[in-house]
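Here are my notes for you, as numbered points. Please have the structure open while you read them.

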Amino acid sequence: MRRRSNKDLLYEVEDRVPAPVALGLGLQLAAMGINGAVLIPTIVFQAGGADALVLWAVFASVLACGVATILQGWRVGRIGAGYALPHVSSAIFIGVCAEALIQGGPGLLATLVVLSALAQAAFSARLSLLHRVLTPVITGTVVMLLPVTVMPILFGMLNELPPGAPVPAGPLSAAVTIVATLAIALRTRGTLRLWAPAIGILAGSVTGAAFGIYDTGLVADARWIGFPAGGLPALDVGFGPAFWGLLPAFLFVALVGTTKSVAVAVAAQRLSWRRSRAVDFRAVQRAVAAKGAGNLLAGLAGTMPNTLNVNAVAAIEVTGVAARRVGIAAGLVFFVLAFVPKALALILAIPGAVVAASMAVIMATLFTVGMREVARSIGANPRNGLIAGVSFWTGVACEFDMIFPAFFAEFAGGLLSSGLTTGGLVALLLTGLTGRRKRRLRGTLDMAELPRIREFIQAFSARHGLAPVLDRLEAASEEALLTLLQSREDAEAAGETPDPGKRELLLTAGKEDDEAVLEFRVGAPDSDDLNLQDRLAWLEADTRAADVEQEISLRLLRHLASSVRHRQYHDVDILTLRVSAVPERESRP
């Protein structure tokens, strides 16, 4: 069933949903994520040689996902978006978490997960800083490297069979899983498509059961209600070479995962109201803070980090229900299931070949996500293609010990032995070398700011050797300010501005090749210390944001600037001017 427009939304965020409806939809949301919450920690702990801790890791993972989901819907202080945003175990952490278990055991894993969670919580307060550091070319390259580190683990699991099992059992079960998943994902739409991974796993498990490799004994022996063997791990605070070698990789993955969670939180807001409204970036910050809280709990419990489930956004479109009480119900379902070993055993008994095949499809999809980010960044700057290519293949070479393995194994305590760390650091370094820091001026949208703007332009011009075109830069800045003031007055006259009054102005100036780039950003002041830069950092990255190109009628502005672009994002105006850094008489043929 395809859902209608937002105007036909059955339940908005704050609507009171009947208890049976909330419970039923909560069960659906939980069912869409339970496979990941169980299977991902199973893969990690088996690959890390910690088979004895699998049951505990699964219990802790489902419990942490439940608590984080409840926090997202309930909103406790500055933690929780106040939307239906269920959590699942984070697939992008598979490689680094398995490596942490191999090198240092559950104590090292717990320490690294806790530190990455604290980093997420810290960055929730300054999302714009995260956006400036992790550019699309860096995040895209890191996302492309994630499957490179995970695929060898999955390929190894494809060849694992119980003693005495027939040889074709593994290949056939894996093949059925992949074929069923792809058939549903590629040939269907709507609700059925959301269930493609689960249907693939079910088909593969049935095939495995026919060969006798589905562990029915595990299900039969599991208790209906109980608490698994194990306990909270002791944090490894020795901070040895393994810790320092893996810490950068964990931080990279955590911060890249945060950028994805921001996109999910923004998309959920777009779909959760009948009438279009500006994105509440305080809610985005609270969503990231809740993600950090959920991962802190996961780390202390000794299991995998968790993240926002993107399928929840699609579920809103399909069902027409966006009430946050449904999210709370999904969290309660997770919480209860954690104490029902029989239900979890049904998933734990799935053959390893089926699990590996299902995750391989997800990893392949993740690789294309990284490719898309890199492709978009190349459109903005062709140099990014070279950065991504060099960084990716450097990471691949280091991951599989193809270049100077003896040197990189010892250098900086093995810091560069991880392909993900090496590739990410190379991308960060090359991006830093090619980028230039922009100068910023904050003020209000008022002609009284013109003297300050002139002083700012003069300082920028002197710094970059733009004295020959200083007059044009000053004139263009004055006309841009007049244009934005006129646009503001027109909007107020048309009744399109809900908050009349002073507007915050952020002016940035930078030099790109032979052009000076001036960007005027105007938005409503925020009473909760969420400044204009924070709101715009993610607004510009949101593909759903309205990006309206407007023709600037002032001939003088067109004459002064080589290009003019005026964008409107709900309550924000962005006017970008590009002024040739070559004096006018020299630029003529």
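**Notes on the model**

1. The protein's secondary structure comprises 23 helices and seven strands; helices (H or I, at least four residues) and strands (E, at least two) are DSSP runs, numbered from the N terminus. This is a predicted model, in which local features need pLDDT of at least 70 and side-chain atom pairs count only at pLDDT 80 or more, while totals for chains, interfaces and linings use all residues. Residues are numbered from 1 along each chain as its sequence is written, and side-chain values use heavy atoms, with hydrogens and water left out.

2. Some totals to begin with. Of 589 residues, 54% are buried (buried is under 20% relative accessible area, exposed over 50%, partly exposed in between, with a 1.4 Å probe and protein chains only). The protein exposes about 25900 Å², with carbon and sulfur atoms supplying 61% of that area (Shrake-Rupley method, 1.4 Å probe; for residues, only the protein chains shown count as cover). Among contacts with a separation of 6 or more, 78% join residues 24 or more positions apart (a contact means heavy atoms within 4.5 Å).

3. How many aromatic pairs does a search of the whole structure find? There are 13, where rings of Phe, Tyr and Trp (its six-membered ring) pair if their centres lie within 6.5 Å, and planes under 30 degrees apart count as stacked, over 60 as edge-to-face and the rest as tilted. The W56 and F59 pair is tilted, because the ring centres are 5.3 Å apart and the planes meet at 50°. Both residues sit in helix α2 (residues 54-74), three residues apart, so about one helical turn separates them. In general, an α-helix has 3.6 residues a turn, so residues three or four places apart point the same way. W56 is buried at 6% relative accessibility, and F59 is buried at 4%.

4. F392 and W393 make an edge-to-face pair, with 5.1 Å between centres and 80° between planes. Here F392 is buried, at 9% relative accessible area, but W393 is exposed, at 58%.

5. Ring pairs also link W56 and F59 with F227, F335 and F339 in a cluster. Elsewhere on your list of rings, K342 lies over the face of W224, 5.4 Å from the ring centre (the criterion is NZ of Lys or CZ of Arg within 6 Å of the ring centre and within 35 degrees of the ring normal).

6. K342 is also one of the buried residues of helix α14 (residues 341-348), along with L344, A345, I347 and L348. The buried residues of α14 pack against α1 (19-47), α2, α9 (216-221) and α13 (324-337).

7. Now two threonines. T181, in helix α6 (residues 169-187), is buried at 7% relative accessibility. A polar atom of its side chain lies 2.7 Å from the backbone oxygen of T177. Leaving out residues up to four places away in sequence, T181 touches A196, P197, G200 and V361.

8. T365 belongs to helix α15 (residues 352-380) and is partly exposed, at 44%. A polar atom of the T365 side chain lies 3.0 Å from the backbone oxygen of V361. The C-alpha atoms of T365 and M144 are 9.9 Å apart, although 221 residues separate the two along the chain.

9. Finally, the cysteines. The search finds zero disulfides (a pair of cysteine sulfur atoms within 2.5 Å). C97 is buried at 0% relative accessibility, and C398 is buried at 4%.

Key: Polar contact = N/O pair within 3.5 Å; in protein donor to acceptor, adjacent residues only side chain to side chain.
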